[in-house]
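Okay, thanks everyone for coming. I've got one structure to walk you through today, so let me put it up on the screen.

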Amino acid sequence: MTPNKADPVAEDPTRLADFEARIAAGATIEPKDWMPERYRKQLVRMMSQHAHSEVVGMLPEGNWITRAPSLRRKMSLLAKVQDEAGHGLYIYCGTETLGVDRHELIQQLLNGTAKYSSIFNYPTLTWADIGAIGWLVDGAAIVNQTMLAKASYGPYARAMVRICKEENFHKRQGFEIMATLASGTREQKRMAQDALDRWWWPSLMMFGPHDSQSSNSDELMRWGVKRKSNDELRQRFINLSVAQAKAIDLVIPDPQLAYDEQTENWTVGPIDWDEFWRVVKGNGPCNRERLAARRTAHADGEWVRVAAATYAAKQAQRESPSEAA
């Protein structure tokens, strides 16, 4: 029996009180530790969405590998896409410590019943979009995932430590692309500004709804899975990004952007949450295209999975005690 799944005494008040005391004391929860079923389910939901986002996130950039403007750019983009596949694998493995089969989660993605980050449902129209994704999308991911590296669930936190190191490289790669374009010809700078204009607001939406509209944040923060709220993380990202845009002479596409000397924060105009929910519900520019690409890739890769499983079975048979005897 999987030790994490609900049993007749799973929500016993004493065990729950002990669990919450451990969380309050900053303890790390490991797979064999008792945990409330709600905690397990929240982790599965959050981690599976994260893993799906890493996998689907390969698609907008993978589209540009063969069209990168130089061999150096091609090699670095190929390495980045490979990293994203690894990130998805780390996190899928983490969900398995919670008693969930990764094949079940992948099937939910293919069926369209699982969510992933809405940012990956936007198209990459020019090479500058690859820079904007690295700078803004991966930059937003770092702000969020740095906090997740301190999450109360050990396997998730440890996966985030390695992922954040690689994401930091991805952000630097994207910012360097944008800086190069911004300091190039007039047309190159225009391309960089256009990419910033299109990716800025979806990047702010990556942190999720405002705290007052988030149905999960309070619970995740109480259990130490999240350390800061959606709005706190979004504000940190805004402050960092405004300074970086100024450094390469690009303009944040927000006429209401203003610096608040009292709070020392940059304030932004209203976010279009109608657009956010429209994309989340499957009606973004590339939702159907992304899922279709994942389904095709999954079907085309069936022979690899069969071959790997057959090889593993043969190896296990050779190493079994009865075979050795």
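Predicted model: local features only at pLDDT ≥ 70, side-chain atom pairs only at ≥ 80, totals over all residues.

Which residues of α8 are buried? Among them are Ala192, Gln193, Ala195 and Leu196, and then you get the run from Trp199, Trp200 and Trp201 through Pro202, Ser203 and Leu204 to Met205. The helix itself covers residues 186-205, which is 20 residues. From first C-alpha to last, α8 reaches 30 Å, close to the 28 Å expected at 1.5 Å a residue. There's a kink too: about 35°, at Trp199, shortly before the proline Pro202.

As a rule, an α-helix has 3.6 residues a turn, so residues three or four places apart point the same way. Arg198 counts as partly exposed, at 23% relative accessibility, and Asp194 does too, at 27%.

Okay, other salt bridges. Searching the whole structure turns up 17 of them. One I'd like you to look at is Lys80 with Glu61, at 2.4 Å, N to O. That pair links distant parts of the chain: Lys80 sits in helix α4 (residues 71-96) and Glu61 in helix α3 (residues 58-62), 19 residues apart. Buried or exposed? Lys80 is buried, at a relative accessible area of 2%, and Glu61 is buried as well, at 2% relative accessibility.

Now set that beside Glu176 and Arg72, whose side chains meet in a salt bridge at 3.7 Å, N to O. Here Glu176 is in helix α7 and Arg72 in helix α4, and they're 104 residues apart. Glu176 is partly exposed at 31%, while Arg72 is exposed at 53%.

Last stop: Asn265, in strand β2 (residues 265-267). What does Asn265 touch, leaving out residues up to four places away in sequence? That would be Gln235, Asn239, Ala258, Tyr259 and Asp260. With Asn239, there's a side-chain polar contact of 2.8 Å. Asn265 comes out as partly exposed, at 22% relative accessibility. Okay, over to you for comments.

Terms used: Residues numbered from 1 in each chain as written. Heavy atoms only, no water. Helix = DSSP H or I, 4+ residues; strand = E, 2+ residues; numbered from the N terminus. Expected span 1.5 Å × (residues − 1). Bend = angle between axes of the 7 residues up to and from the residue. Buried < 20%, exposed > 50% of the residue type's maximum accessible area, 1.4 Å probe, protein only. Contact = heavy atoms within 4.5 Å. Polar contact = N/O pair within 3.5 Å; in protein donor to acceptor, adjacent residues only side chain to side chain. Salt bridge = Lys/Arg side-chain N within 4 Å of Asp/Glu carboxyl O.
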